[in-house]
Amino acid sequence: FNGLVFNNAFGGSTFAFTTEGGAGATVGANGITVTDSAAATVWQMGWPIALGAAQTWQIGANNTVRLDASLSGSDKLTIDGSGTVHFNAESTHTGALEILGGTVKVSANNGLGTKDRTVNYHHMLAKYEFSGDITLDAPMYSEDLCESATSFMTVKSGSRVTFNGNFGYK
């Protein structure tokens with residue numbers, strides 16, 4: 001696919017996309033775009049996704065794009081918008097990951113990718129939510145630092161998160 005666009009004409013539902021036999025999809029330069037929704041909507045991706053080019057995922061309000069299979073590739077991925085991207089499977093993606101806005105949920109070991117990649121986030125605009133007993137090897141760096149930014153990261157009750165990569169201000 002050169003890109004995927006999800007229009008929320010049917011907002012307030014869960015839409016599951018699966019393939020048989022482990023087949024996956026390559027997403028090109030147009031990335032993933034999800035329009036704003038009036039009600040909470042989940043776009044559940046049950047197939048492996050490979051990035052075929054550098055791209056931006058623009059996730060609109062009241063939407064969650066949930067990756068239940070691996071994200072791979074070496075191109076840069078930028079996540080923006082006020083919606084949520086949920087990494088619910090281990091990722092082998094090695095390209096740069098930049099979080100400009102929205103919420104990123106992680107509930108799988110190395111959901112943010114391998115130790116060979118760097119995650120840059122803007123904690124004045126982006127938020128993280130971690131759940132489960134997970135280990136993250138990817139180094140994470142903030143592009144901005146502000147004393148008033150106190151709630152950019154949440155670890156759900158009963159969870160244990162281990163950061164093996166560097167974590168801090170860049």
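**Labels and the values behind them**

Q: Why is aspartate 133 called exposed?
A: In this predicted model, aspartate 133 has 51% relative accessibility. Exposed means over 50%, so aspartate 133 counts as exposed.

Q: What makes aspartate 133 and arginine 160 a salt bridge?
A: The closest N and O atoms of arginine 160 and aspartate 133 are 3.0 Å apart. The limit is 4 Å, so the pair counts as a salt bridge.

Q: Is arginine 160 buried or exposed, and how do you know?
A: The relative accessible area of arginine 160 is 53%. The cut-off for exposed is over 50%, so arginine 160 is exposed.

Q: How do you know that glutamate 129 and lysine 156 form a salt bridge?
A: Their closest N and O atoms are 3.9 Å apart, and the rule asks for a distance within 4 Å. The pair therefore meets the rule. Glutamate 129 is in strand S15 (residues 126–130), while lysine 156 is in the loop between strand S18 (153–155) and strand S19 (160–163), so parts 27 residues apart in sequence are tied together.

Q: Why is lysine 156 called partly exposed?
A: Lysine 156 has a relative accessible area of 38%. Buried means under 20% and exposed over 50%, with partly exposed in between, so lysine 156 is partly exposed.

Q: What makes glutamate 98 buried, and what does its side chain meet?
A: Glutamate 98 has 18% relative accessibility; buried means under 20%, so glutamate 98 counts as buried. Its side chain meets that of lysine 76 in a salt bridge, at 3.1 Å from N to O. Glutamate 98 lies in strand S12 (residues 97–99) and lysine 76 in the loop between strand S9 (71–72) and strand S10 (77–81), so the pair ties together parts 22 residues apart in sequence. Lysine 76 is partly exposed, with a relative accessible area of 37%.

Q: How many salt bridges are there in the whole structure?
A: A search of the whole structure finds 5.

Q: Why does arginine 117 have no salt bridge?
A: The nearest side chain of opposite charge, aspartate 116, is 9.9 Å away. A salt bridge needs a side-chain nitrogen within 4 Å of a carboxyl oxygen.

Q: How do you know whether valine 65 is buried or exposed?
A: Valine 65 has 0% relative accessibility. Buried means under 20%, so valine 65 counts as buried. Valine 65 is in strand S8 (residues 63–67), and it touches residues including Val34, Trp43, Met45 and Ile59.

Q: How do you know whether the radius of gyration agrees with a compact globule?
A: With 170 residues, a compact globule would have a radius of gyration near 15 Å; the protein has 15 Å, so the two agree. Of these 170 residues, 44% count as buried.

Q: What secondary structure does the protein have?
A: It comes to 0 helices and 20 strands.

Definitions and conventions:
Residues numbered from 1 in each chain as written. Predicted model: local features only at pLDDT ≥ 70, side-chain atom pairs only at ≥ 80, totals over all residues. Heavy atoms only, no water. Helix = DSSP H or I, 4+ residues; strand = E, 2+ residues; numbered from the N terminus. Rg over C-alpha atoms; globule rule 2.2 N^0.38 Å. Buried < 20%, exposed > 50% of the residue type's maximum accessible area, 1.4 Å probe, protein only. Contact = heavy atoms within 4.5 Å. Lys, Arg positive; Asp, Glu negative; His and termini not counted. Lists of a residue's contacts leave out its neighbours within four places in sequence.
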